[in-house]
Number of protein chains: 6
Amino acid sequence: MESMENWLQKAGVLIEALPYIQRFHGKTIVVKYGGSAMVDHDLKKSVIRDVALLKLVGFRPIIVHGGGKEITKWTKRLGIETNFVNGLRVTDKQTMEVAEMVLNKVNKGLASMMEKLGVHAAGICGKDGSVLRVDKKLSGGKDIGYVGEVKEVNVGLLNTLLDNDFVPVICPIGSDDNYHSFNINADDAACAIATAVGAAKLAFLTDIEGVYRDPLDKSSLISELTVKEAEELLASGNVGGGMLPKIQNCVDAIKAGVSRVHILDGRIAHCLLLEFFTNRGVGTAIIGDEEERYYEANE
Amino acid sequence: MESMENWLQKAGVLIEALPYIQRFHGKTIVVKYGGSAMVDHDLKKSVIRDVALLKLVGFRPIIVHGGGKEITKWTKRLGIETNFVNGLRVTDKQTMEVAEMVLNKVNKGLASMMEKLGVHAAGICGKDGSVLRVDKKLSGGKDIGYVGEVKEVNVGLLNTLLDNDFVPVICPIGSDDNYHSFNINADDAACAIATAVGAAKLAFLTDIEGVYRDPLDKSSLISELTVKEAEELLASGNVGGGMLPKIQNCVDAIKAGVSRVHILDGRIAHCLLLEFFTNRGVGTAIIGDEEERYYEANE
Amino acid sequence: MESMENWLQKAGVLIEALPYIQRFHGKTIVVKYGGSAMVDHDLKKSVIRDVALLKLVGFRPIIVHGGGKEITKWTKRLGIETNFVNGLRVTDKQTMEVAEMVLNKVNKGLASMMEKLGVHAAGICGKDGSVLRVDKKLSGGKDIGYVGEVKEVNVGLLNTLLDNDFVPVICPIGSDDNYHSFNINADDAACAIATAVGAAKLAFLTDIEGVYRDPLDKSSLISELTVKEAEELLASGNVGGGMLPKIQNCVDAIKAGVSRVHILDGRIAHCLLLEFFTNRGVGTAIIGDEEERYYEANE
Amino acid sequence: MESMENWLQKAGVLIEALPYIQRFHGKTIVVKYGGSAMVDHDLKKSVIRDVALLKLVGFRPIIVHGGGKEITKWTKRLGIETNFVNGLRVTDKQTMEVAEMVLNKVNKGLASMMEKLGVHAAGICGKDGSVLRVDKKLSGGKDIGYVGEVKEVNVGLLNTLLDNDFVPVICPIGSDDNYHSFNINADDAACAIATAVGAAKLAFLTDIEGVYRDPLDKSSLISELTVKEAEELLASGNVGGGMLPKIQNCVDAIKAGVSRVHILDGRIAHCLLLEFFTNRGVGTAIIGDEEERYYEANE
Amino acid sequence: MESMENWLQKAGVLIEALPYIQRFHGKTIVVKYGGSAMVDHDLKKSVIRDVALLKLVGFRPIIVHGGGKEITKWTKRLGIETNFVNGLRVTDKQTMEVAEMVLNKVNKGLASMMEKLGVHAAGICGKDGSVLRVDKKLSGGKDIGYVGEVKEVNVGLLNTLLDNDFVPVICPIGSDDNYHSFNINADDAACAIATAVGAAKLAFLTDIEGVYRDPLDKSSLISELTVKEAEELLASGNVGGGMLPKIQNCVDAIKAGVSRVHILDGRIAHCLLLEFFTNRGVGTAIIGDEEERYYEANE
Amino acid sequence: MESMENWLQKAGVLIEALPYIQRFHGKTIVVKYGGSAMVDHDLKKSVIRDVALLKLVGFRPIIVHGGGKEITKWTKRLGIETNFVNGLRVTDKQTMEVAEMVLNKVNKGLASMMEKLGVHAAGICGKDGSVLRVDKKLSGGKDIGYVGEVKEVNVGLLNTLLDNDFVPVICPIGSDDNYHSFNINADDAACAIATAVGAAKLAFLTDIEGVYRDPLDKSSLISELTVKEAEELLASGNVGGGMLPKIQNCVDAIKAGVSRVHILDGRIAHCLLLEFFTNRGVGTAIIGDEEERYYEANE
């Protein structure tokens, strides 16, 4: 049997979670799931378990996931050559076909893991219910094949699932005006969806610790950035390559109405719970300029 | 401009459809989609268009589809060997993985075709919402791998979609108690689903004209069979190999509460419309022993 | 048994109807029913059957009917003299009493025909639920008795019936501020009702083929007129007497929010179906200036 | 200004009404309206005003009315001969046509009077919504024409109206299996409707004071009769001709589930209010054998 | 048995009530209950009975009550000294504790009396559901303890109760930002609540006959005052001390959206019924400047 | 900033709570609150905070509280003598009056503490909505005054509050047939309410550690008892005086349909959370004979 002290610590954690549960009760939360957290089996289980908990305490979570590494594995196996334009992978018809097969398999696997925990989920892609409608995306004016950018999000199917207690698990494939399939960058898809459903939070699970004021100084991790500060940071030139579009995405999402966007370190088990239910964030939050900074407030 | 005579013929067709529209308004209809109708592009379009019309005039259609030929195409391409036990394909882990990828791709393609016609659809598999829960199926006592038989249908997700005006498009993959994926015979899945949702009709799109009293005599096609007659036919030994389990399935579905089961010739364009909206069926209908025979009644 | 060719033609008609069913699903449609179509028994059955089909495929039809000829028959039989002012019939108290009796009988007969087809209907007049409230109408400043013009439409009863799957069948009798009965021109009543319920379509069943650019040239029938074109036509002086107020009514209805108004030839059996479900109209449609011309679009 | 004493009396009346309002709140009440109360203009206004009040304080009233005298007036005027079989009027096709016209006019007039008081009403006959379905009724085995007896009540339209705050005003015309119109005895129609909607009360407005223990002794008026007592009275032979079927009707209604049936003297202004809102009934109540006798209880 | 004349008078009272029942059907009515009507047992019963009737005929009444005399009784009994600042009682912690005990007891007693009449009631204070949130109120700049003025009304609990057919009985205790209890003047609480719930009427039960044009002339009682007239009266200096804040309260309530405010003489039994259901008011009504004066209108 | 290890522990606690949150989602939980937990300020805050958390994660908690000590404090202060019959306190009219004042004050204080945490609560007694109806209770045949035993629970008000997201806080005062106030033993009231609302759990906060197999052996605390075992224990004579009726109450509640009843040690902070959200109970659970023992199951 546990010691009394141990008990009190447990209770403390639950009590600490109370205001956060309250704040986001009934709110929609979009989780962009990718990177290491998709590869490592234990991390995968930790993410799905976290999302299940979010659902159970009254949030309305949506998962948007990628699957680049898995696609590469299968195109290689099938001997499909990969070409690049401006450093971007060209998605020809063959590759798109494989991508669609792979992403949907991954998608159903995630939904099934959620079901195993007793939380209902439905794996959909952006073609279902015409959730994600796209235009062809060019890269530096060059055709890179079946790569789309979201032009319209139809929230009908998402709301139907959320209102009936299913967690939508979404893979970022959409359809153009001819109803051909297009691959979409998962970060972009998550942003577009969060904006369209009026999400209260959008969280990116990444393979970094967060945003640094100085990328070379590990102690300069930023907890909270207003949009204004984020834009100054972008302008400063102090942001590394991969980070730049992610921060821009966050800024765009907030400008479009999402309240808080989080860049989380997906390599930490249960980072979602820690971020959502404790008074210390993990990673960097981008918030509106008028938004109350609550880490400070809670300290 | 059309002639008056032509006009009157058109009106006649619509008026002829009226009692059928009325009879099945708000009723759930399960269509097992497979065979040639899945391979030929024009037939595919004709089936999807027919189902869209069923939806628009007030039915609640569900599509359950197979995809065996497409799976074979990809396993071959991937160099995966196919083994047989008692003449049945063994679905090892590798094959199951490919089957899941292929079937989900096919699935999303069908949903997308429906969306293109302006009717909302959602492509799901039996793992979503735990719709299809299975037990491992043995063949003559032998393990044939990830092949399942349905032990439970959870209708929650199906009803959520139907009630919100989405056509569920279902691929026959389910999960066992460990939430592993299992392939299910599409005919069996369609039967189980039709029974669980209390469908008014279950229609099998096949590559045959229907059931013959004498398989060698093309003029002996049977329009309507009661369960009792069907069981006599089965007992007579006059039924060919492939037909036997199909007829058994039909009989089981009716005993479990489905009102009418149809074996249609999917090679005829718009066979669903002809069956559902005109006073002449295409193929063979199996009906309950007390059910009114309406082909006769309508003549 | 029908030939395959015949079957395909049938399917073609149904498939042709699909986009129209989709376009008007859940929309309210007002049909002004009068003229020959009320006298000829077969045409009557064809109109009621058409409206029943509109209901069954998901529209919300309302019938507004007249009954002038039947009223005349009974006033004659009762020896009630008919007087005219400015060529308009004077509706004195006696005539109004007979009109009310006759119109309500006709009204219930139409509702009953709909019921016979298995579609629920309710026969109401404008006094029920205070649906039609009127002011006394003068003709050239002269009192012509109990003739009213609609000053207010209360849609409560109509929506109650429509929302509960009844087809409202309405005879054009309303009440003034003292709750006396007044006769209303059926075209005017149909216009007022279509406007008040926000109908997507208003169709007049008439005894003409439609609007001609040149009344003497039978080949100059106009398929589609924008409001602007209709007003030019009215200004041109090229419109015959009976047609003038009807076109004016159509123009007014569109200006008040009805999307499309149709002048149909009620002498053609099933003209409603042909108009609503095929890509060739029968008669003339008046549409908003910005409205897409869909006959052309569909050709 | 009124004296204080006067005020207190007024308050007393309202307070006295309280338990009755409470007892029947949300309950359905069927009023068979006929006799003198339909002829005398002031009584007519008093009945409609009473029913309006019943509606306003939370009851769900339904009016079923007759109109025999008005029909006779018009058949005479039209020179239609009246024939009798076994003392019963034969309703040939011509007579039925006139009856339908007249009853519907009366019907709409009553609905309109209710509307004038600001309470919504809808005038329907038994053909609307197939509310009253009949079989042909014979009289002593002889055909007496279009006279029907109720075989089925469809409550759909009635509940739709009641649930949406309309008072249904019903004239007793129904349709047979061929959807021909048939006249129905208004008492019978009221009974059938009260039974079908599960009415808490059924009140007959008659031209008598109530039921007498001894028809020759005016002081023997009975306030309350149990079914058992009523049946004894019927068996005693002490009941006059016209009264016999009425009492039988009451007994049948209670056996079919109506809680209380009242035979009221419709010649007394506001007899409905007096019956429903004060502790002294007017006329005779027939109640179930187990029902609490509340006149006694209240004394 | 009553005489016929007596009966007709009774009916007359009920009929007279009809337009008032209609006018306020479904409307929320706030009754400030205090003064003699709270002390005299018969008056108490008469008030509760009146409110029960208001509920039963379709109004949505809310009671707000005081209890000053009862509080004084108990503080005396407990030997708690009472201090005054500027003539106002100081509510120290001890007094507040007693006030809260006493008022809640009174509150539950009123709710229970309503229950006894078969009308459901719930006794709440402003702390329940945070219905009344207050700021500390000073008197002439001096601290007078736990006396609050309403700064916010949360209508959630009130609407929950009203929508589910409970009469809210409210005692005027609210909570400040630290969730300490504060006493609130019952007139002020009633005004704030009436405004927040959008009441159609607010009635003050007082110990005076109403407002006089000349306080010394008993014949100068004013039946109806517009806001403009009330403000002129206040400015005239002709209003006695206790009356001044009451009239100001009425004026404020109307400016905030309440349609009519009544100052009634609570010493008259059933004054609420007389005011609400007859065409002669008791006391003085304050109405908006554009409001129709209905006493005149009804005469 | 916290260490990683610390973080993982926190996440572990939340994850451990997941199956319990899931199991009781949407279920009603009755907490009998009394004893030390009502006296110690910190324990009070811990209980209210725990109940708030139960509400926020989707349970439907109800609090039933006592207040004996507080009543004694006030009766003493008011110099009211306390008499005993058979060792039970006699509740005369004076004492009842004080009890009602005190309990309602305590009640509103608890509701207010919940409101302070942002969770809506309503303080009611059993007289509101006639929630608790009682018969007079005798003690050994002797009259002990206004002490009642519950004869009927009306759940209307409770469900209204629960369905609208208010936590009902209930003090155990009910009304008899004359609507006089009666005190009820809080344990009995909690049992009756738990049974009436179909609670999934009933938890008693007590001042003991739980039930001992041997009261003299602190190591013999029983975690789980089936009804059968509890009855054997009661029969064994090994149960101390105060414990006997409590265990009997638990047994009764389970027999009446409550799934699990807990005797918790209210002196441990957050004992409710520990009991409900961790895999180690605090105190003793009484469960149905067929109920799965989940402490064992979870170990």
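Which residue of β11(E) does E:Lys32 stand opposite? Keep that in mind as you open the model, which is a predicted one.

**Stop 1: the sheet in chain E**

Select E:Lys32 and look across to the facing strand: the residue opposite is E:Phe204, in β11(E). Now widen the selection to the two strands, residues 28-33 for β1 and 201-206 for β11 of chain E. They run parallel, and four bridges join them.

Next, bring in the rest of the sheet. Colour eight strands of chain E in the order β5-β8-β2-β1-β11-β13-β14-β12, and you have an open sheet with mixed pairing. Go to its edges, where you'll find β5 (121-125) and β12 (224-226) of chain E. Each of these has a single partner strand, so one side of each has no neighbour in the sheet. Turn the view to follow the twist, which averages 20° from one strand to the next.

**Stop 2**

**Stop 3: the axis between the two copies**

How is chain A placed on chain B? A rotation of 180°, with 0.0 Å of shift along its axis, superposes chain A on chain B with an RMSD of 0.1 Å. The two copies are therefore related as by a two-fold rotation axis. To find your way to the axis, select A:Met101: its C-alpha is at 2.3 Å, the closest approach of any residue of chain A. Both copies use the same surface, and 100% of the contact residues of chain A recur in chain B.

**Stop 4**

Most residues other than glycine have a negative phi. Here are two exceptions to click on.

Start with A:Tyr179, in the loop between β9 (173-175) and β10 (181-183) of chain A. Its phi is positive, near 60°. Is A:Tyr179 buried or partly exposed? A:Tyr179 counts as partly exposed because it has 16 C-beta neighbours inside 10 Å.

Then jump to chain D and select D:His270, in the loop between β13 (260-265) and α10 (271-277). This residue also isn't a glycine, and its phi is positive at about 60°. D:His270 is buried, with 23 other C-beta atoms within 10 Å.

Definitions and conventions: Residues are numbered from 1 along each chain as its sequence is written. Chains are lettered from A and ligands numbered from 1 in the order in which they are written. This is a predicted model: local features need pLDDT of at least 70, side-chain atom pairs count only at pLDDT 80 or more; totals for chains, interfaces and linings use all residues. Two strands pair if DSSP finds at least two bridges between them. Axes are lines fitted to C-alpha atoms, for helices over the stretch in contact, and angles run from 0 to 180 degrees between N-to-C directions. Copies are superposed by least squares on the C-alpha atoms of residues with pLDDT of at least 70 in both. Two residues are in contact if their C-beta atoms, placed from the backbone, lie within 7 Å. A residue is buried if 20 or more other C-beta atoms lie within 10 Å of its own, exposed if 12 or fewer, and partly exposed in between; C-beta atoms are placed from the backbone.
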